[in-house]
Amino acid sequence: MTSLAENERESDEFDLIDAMIAALDDTTQGAGVVAGPGDDAAVLDLPPGHQLVVSTDTLIAGRHYPAGAAADVIGYRSMAAATSDLAAMGATPAWAMVSLTVARLTAAWAQRYAQGVAAAARAFGLAVVGGNVARGSENVTVTVHGHVPTARAMLRSGAKPGHVVYVTGTLGGARLALQDNGLSRCSLAELDADSPRRRYWKPEPRLAVGIGLRALASAAIDLSDGLSSDLEHLCRASGIACDVELARLPVYPGGDPMDAAAAGDDYELAFTAPPDSEHGIRALARETGVAITPIATARTGRPAAVHWFRDGLAIDVSPGYRHF
């Protein structure tokens with residue numbers, strides 16, 4: 001399967017851009033958008049008393065998603081992956097810039113791709129305010145912008161000994177999808193019910209949880225590369241260690257705890273919080289409908305690291321996804 005149907009004719013660049021903007025529909029407008037697509041740059045207004053939060057993600061065909069995948073799921077997944085970083089910072093999502101590079105581009109593929117982007121933008125509360133289209137090896141780059149009240153962004157560096165380590169949702173669902181030979185043939189319309197395929201193509205950035213954690217958490221990180229790698233990043237940034245028992249991990253049904261510990265693409269959150277935040281975290285889980293599970297307690301330790309155990313015995317867990 002190829003990303004673009006062989007019998008479709010490539011269109012003029014500016015006609016394609018116009019078609020994509022039309023497919024984005026109302027998602028090109030939103031709070032704070034003074035000027036969006038159509039000018040040389042976007043003009044945006046921040047709410048008073050807020051700081052800008054910005055993150056960029058690039059997904060490459062054949063590496064970060066199956067080559068030949070449907071255009072709409074590529075658009076949705078790329079938006080979700082980038083937006084998860086805003087959730088980890090406790091940011092309110094606001095705007096996105098979307099850049100697409102492909103070897104060939106037709107009006108039908110471009111429109112379907114833009115529809116996937118628009119579906120994610122509506123789901124996450126983002127206005128799509130610009131981007132770029134270029135010819136080359138297929139990849140998508142999404143830059144998301146959000147905002148937080150001044151000095152309220154959650155960082156990786158705030159955990160202290162004695163703080164409890166939590167994860168949201170379940171781990172390993174997207175990894176199960178990678179064992180599915182039909183993964184590249186999915187479309188958004190097929191992904192309504194919870195399934196490994198949905199976890200892979202339509203991950204749910206934990207935005208409401210992230211915003212609710214501003215007053216509760218001490219540090220946070222999104223789980224894009226796998227808990228084993230990402231929690232290690234948090235520990236190093238905070239200068240703490242923690243001991244994680246595999247049996248405490250919330251694993252997606254049918255998954256294996258060892259695999260789930262290293263599985264990437266879950267886009268859940270790992271975070272720490274003082275023990276006296278427990279009541280508030282339980283209330284946040286009820287309010288958002290997102291499970292939040294305590295898995296460890298931070299402690300002093302040199303080097304700062306995650307130590308893994310199974311039935312009380314120390315074990316080695318594979319690192320998560322490595323980009324290089």
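Student: What is the volume of the second largest pocket, and what makes such a space a pocket rather than a cavity?
Tutor: In this predicted model, the second largest pocket has a volume of about 440 Å³. A pocket is an open set of grid points with protein on both sides within 12 Å along at least five of seven lines, whereas a cavity is a set where a 1.4 Å probe fits but cannot get out, so the word pocket says that this space is open.

Student: Which residues and elements line the second largest pocket?
Tutor: Its lining comprises 24 residues, of which I17, P37, G130, G131 and N132 lie nearest the centre. Two or more lining residues come from each of α1 (13-24), β4, α3 and β5, and β5 gives the most, with six residues. By class, the lining of this pocket divides into 16 nonpolar, five polar and three charged residues.

Student: How many cavities of 30 Å³ or more are there, and what lines the largest cavity?
Tutor: The count comes to one cavity of 30 Å³ or more, and the largest cavity holds about 40 Å³ of space, which puts its volume above that cut-off. Its lining consists of G172, R175, L176, Q179, G255, D256, D259 and A260, with α4 (173-177) and α8 (257-262) as the elements that give two or more residues.

Student: Why are β3 and β5 called edge strands of their sheet?
Tutor: Four strands form an open sheet with mixed pairing in the order β3-β6-β4-β5. β3 (50-60) and β5 (127-135) each have a single partner strand, so one side of each is left without a neighbour in the sheet, and they stand at the edges. The twist from one strand to the next averages 15°.

Student: How do you know that β4 and β6 are paired?
Tutor: Pairing requires at least two bridges between two strands, and β4 (residues 92-102) and β6 (residues 139-149) are joined by nine, in the antiparallel sense. A96, for example, has V144 in β6 as its bridge partner.

Student: Which strands does helix α2 lie across, and what makes S84 buried?
Tutor: Helix α2 (residues 71-89) lies across β3, β4, β5 and β6, running at about 30° to β6, and α2 also lies across β8 and β10, at about 165° to β8. S84 lies in this helix, and because its relative accessibility is 0%, S84 counts as buried, the cut-off being under 20%. Leaving aside residues up to four places away in sequence, S84 touches P205, D222, Y267 and L269.

Student: Where do β8 and β10 belong, and how are they paired?
Tutor: They are part of an open sheet of seven strands with mixed pairing, in the order β8-β10-β7-β11-β9-β12-β13. β8 (219-223) and β13 (313-315) stand at the edges, because each has a single partner strand and one side is left without a neighbour in the sheet. β8 runs antiparallel to β10 (residues 268-273), and five bridges join them, which meets the requirement of at least two bridges for a pair. D222 stands opposite L269 in β10, and both D222 and L269 are among the residues that S84 touches.

Technical notes: Residues are numbered from 1 along each chain as its sequence is written. This is a predicted model: local features need pLDDT of at least 70, side-chain atom pairs count only at pLDDT 80 or more; totals for chains, interfaces and linings use all residues. Side-chain values use heavy atoms; hydrogens and water are left out. On a 1 Å grid over the protein atoms alone, a cavity is a set of points where a 1.4 Å probe fits but cannot get out, and a pocket is an open set with protein on both sides within 12 Å along at least five of seven lines; lining residues have an atom within 4 Å of a point. Grid points are joined across faces, edges and corners, and a volume is the space filled by probe spheres set on the points. Axes are lines fitted to C-alpha atoms, for helices over the stretch in contact, and angles run from 0 to 180 degrees between N-to-C directions. Contact means heavy atoms within 4.5 Å. Buried means under 20% relative accessible area, exposed over 50%, partly exposed in between (1.4 Å probe, protein chains only). Ala, Val, Leu, Ile, Met, Phe, Trp, Tyr, Cys and Pro count as nonpolar, Asp, Glu, Lys and Arg as charged, and the others, Gly among them, as polar.
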